[in-house]
Amino acid sequence: MEKNYGDISSLYDLNWGDEYPNQNDEGWNIIRIYGGGTDEEYIHTNVIFPFKVGLKDTEWGNYYTIEQAVNEAFEFYTTNPKSSYANRFRQGSSNTLWSKIYGCENEFYNVAETQKNGYTMGKPIYIPKGKSYDEAQRVMPYENGWMHNGYYRVYIAATQERIYGIKLKEWAVTENRNKLLLWWLCGSTVFFLIFIIPLSIKQITSNKKKSETLYQRLTRLCNPSQFMDSANYDKEKVEIANFIYKTLMDTNPDDKEALDVLQRRASEDLGICLINTDQLTELKEKVNPKNFMKPYNAEKVALANELYSILTREGLTYNELTEVQEKAKQL
């Protein structure tokens, strides 16, 4: 005992070493919690506790008990200004602190223990069967100094540090990503159904109308059903449209003269405009003389000027439109 413990005459094992924490032992422990490190490893914690008590021989005798020595050691660590814990010790504060730390968890992150690499440079207070000294040094509590006076020495141990950091909840992120993807797909589908499809149908219909032949346009616009709206029913126009429509059914789609007669009557008697607005707008843009100023082309400017003036003329007829459309191919 002289070699390892100096002036200690009687050494008592508090039975902490075989298992920690040992619920059968009556002692104390101080939990140390502090911030440190960077990135994920930012909460460090370990525990100090007494594991042996040595009583000394004195000239007047030694009347200390083990319990007294252990209790005085606790008082020293928690109240004596010479102790590094005195000004920072709060009874039960670790529970409050941990409740606040875990209270910061949210849907995607939590506080979890991380794996520490390396080991604490200290002598293990106990080496379990089957473990080497090096292995015990990595996992077991180690000697961490002592508190003493002229009558006793209380030996203190410290547990290995446990380090906690912010961890991503992979399953929560994956689940949320899948939900977002589902909502995005649903939203895209709804958007497609509400906006894209109607616009596409409208565009297809518009293109179809612009590419109609005179026969097809007359057949569509002179259909008697166009004038059978109950709110604006027009008996006379229904009769005229019926005549034109019946005549169309008996007319060859390539009979230009017959179609010219029918389109004039449709315009004069039914007030039908055979000129498609989108078609006229596109044609104006195509034959605008400004298009041929850079680079300058005198011949195209002259032809474009002639065609553009026809398109902007009041009372433009369908035949004039088709003639301009044909001549515009030269530009």
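This is a predicted model: local features need pLDDT of at least 70, side-chain atom pairs count only at pLDDT 80 or more; totals for chains, interfaces and linings use all residues.
L259, D260, L262, Q263, A266 and L270 are the buried residues of the helix. An α-helix has 3.6 residues a turn, so residues three or four places apart point the same way. The packing partners of the buried residues of helix 8 are helix 6 (214-221), helix 7 (235-249) and helix 11 (318-327). Just after helix 8, G271 adopts a positive phi of about 70°.

L280 is located in helix 9, which covers residues 277-287. Its relative accessibility is 17%, and L280 therefore counts as buried, the cut-off being under 20%. When residues up to four places away in sequence are not counted, L280 touches I275, L311, L316 and L321. Of these contacts, L321 is 41 residues from L280 in sequence, yet the two C-alpha atoms are 7.8 Å apart in space.

K56 belongs to strand 3 (residues 43-56). This lysine is buried, because its relative accessible area is 8%. A polar atom of the K56 side chain lies 2.8 Å from the backbone oxygen of N149. Residues up to four places away in sequence being left out, K56 touches D7, I8, S9 and N62, as well as H148, N149, G150, Y151, Y152 and R153.

Note on methods:
Residues are numbered from 1 along each chain as its sequence is written. Side-chain values use heavy atoms; hydrogens and water are left out. Buried means under 20% relative accessible area, exposed over 50%, partly exposed in between (1.4 Å probe, protein chains only). Helices (H or I, at least four residues) and strands (E, at least two) are DSSP runs, numbered from the N terminus. Contact means heavy atoms within 4.5 Å. A polar contact is a pair of N or O atoms within 3.5 Å; within protein, one must be able to donate a hydrogen and the other to accept it, and residues adjacent in sequence count only if both atoms are side-chain atoms.
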